[in-house]
Amino acid sequence: DAMVIQNPRYQVTQFGKPVTLSCSQTLNHNVMYWYQQKSSQAPKLLFHYYDKDFNNEADTPDNFQSRRPNTSFCFLDIRSPGLGDAAMYLCATSPSSASGAYNEQFFGPGTRLTVL
Amino acid sequence: GQQVMQIPQYQHVQEGEDFTTYCNSSTTLSNIQWYKQRPGGHPVFLIQLVKSGEVKKQKRLTFQFGEAKKNSSLHITATQTTDVGTYFCAGPNQAGTALIFGKGTTLSVSS
């Protein structure tokens, strides 16, 4: 089945220790998103890719970086995790229109990040 | 800045009762989407509304898009325990580059 896969499902890291979360998709969608979702809150968009074009949200901290080496894979790098970065990180994909915002988004199961 | 607001934040109902969540945008939207997130799960797309005044039904769920394309509602008739979860509305930002999610309405249902 076509899907969005996130690994790992649970990640524990130490304060300040870099961590990488991964997302892969078999849907062949050209738009990919990374969201941060804290408990009882809405998903907050960090950045998205339209093909290889990277779009950073204005309020995304510099601590968060992303890479998309090909259509299928996208990575979220947190360079120096703080306690406030503990959250669920959701990857989503969308078939485009120009930005993908007009089309439904397909979410992965998420990676729950714990920062000790 | 552009905002998408939802009320209520929480709603508890007895099984069989109806449920409605309301979504309001500070700006006119080209479309609105609804997602459901089960406890411990991820958001799952339910529907997209595009036309002014549009009404769509999915079994017991009725979705409406306001005439001014600034508000929307989701109504569930005769709730079941399987309806439990958080319902989010989301609309495109003004640049059309991303979705802005409302804060969601969390529905709990007791049998």
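**Terms and their grounds**

Mentor: Pro8(A) is placed in the loop between strand E1 (4-7) and strand E2 (10-13) of chain A. A cis peptide bond joins this proline to Asn7(A), with omega at about -15°. Please keep in mind that the model is predicted.

Trainee: Which residues does a cis peptide bond join in chain B, and what is omega there?

Mentor: The bond joins Ile7(B) and Pro8(B), and omega is about -10°. Pro8(B) lies in the loop between strand E1 (4-7) and strand E2 (10-14) of chain B.

Trainee: Why is Ser40(A) called exposed?

Mentor: Exposed requires a relative accessible area over 50%. Ser40(A) has 59%, and is therefore exposed. Ser40(A) belongs to the loop between strand E4 (31-37) and strand E5 (44-50) of chain A.

Trainee: What makes the phi of Ser40(A) worth a remark?

Mentor: Phi of Ser40(A) is near 60°, a positive value in a residue other than glycine. In chain B, Lys69(B) is not a glycine either, and has a positive phi of about 55°. Lys69(B) is found in the loop between strand E7 (61-65) and strand E8 (71-76) of chain B.

Trainee: Where is Glu57(A), and with which residues is it in contact?

Mentor: Glu57(A) sits in the loop between strand E6 (53-56) and strand E7 (64-67) of chain A. Neighbours within four places in sequence aside, Glu57(A) is in contact with Leu45(A), Leu46(A), Phe47(A) and Ala98(B).

Trainee: How do you know that the radius of gyration of chain B agrees with that of a compact globule?

Mentor: A compact globule of 111 residues would have a radius near 13 Å; chain B has 13 Å, and therefore agrees. The C-alpha trace of chain B spans about 45 × 30 × 20 Å along its principal axes, and 49% of the residues in chain B are buried.

Trainee: What does the secondary structure of chain B come to?

Mentor: Chain B has zero helices and eleven strands. Of contacts in chain B between residues at least 6 apart in sequence, 54% join residues at least 24 apart.

Key:
Residues numbered from 1 in each chain as written. Chains lettered and ligands numbered in written order. Predicted model: local features only at pLDDT ≥ 70, side-chain atom pairs only at ≥ 80, totals over all residues. Heavy atoms only, no water. Helix = DSSP H or I, 4+ residues; strand = E, 2+ residues; numbered from the N terminus. Contact = heavy atoms within 4.5 Å. Rg over C-alpha atoms; globule rule 2.2 N^0.38 Å. Buried < 20%, exposed > 50% of the residue type's maximum accessible area, 1.4 Å probe, protein only.
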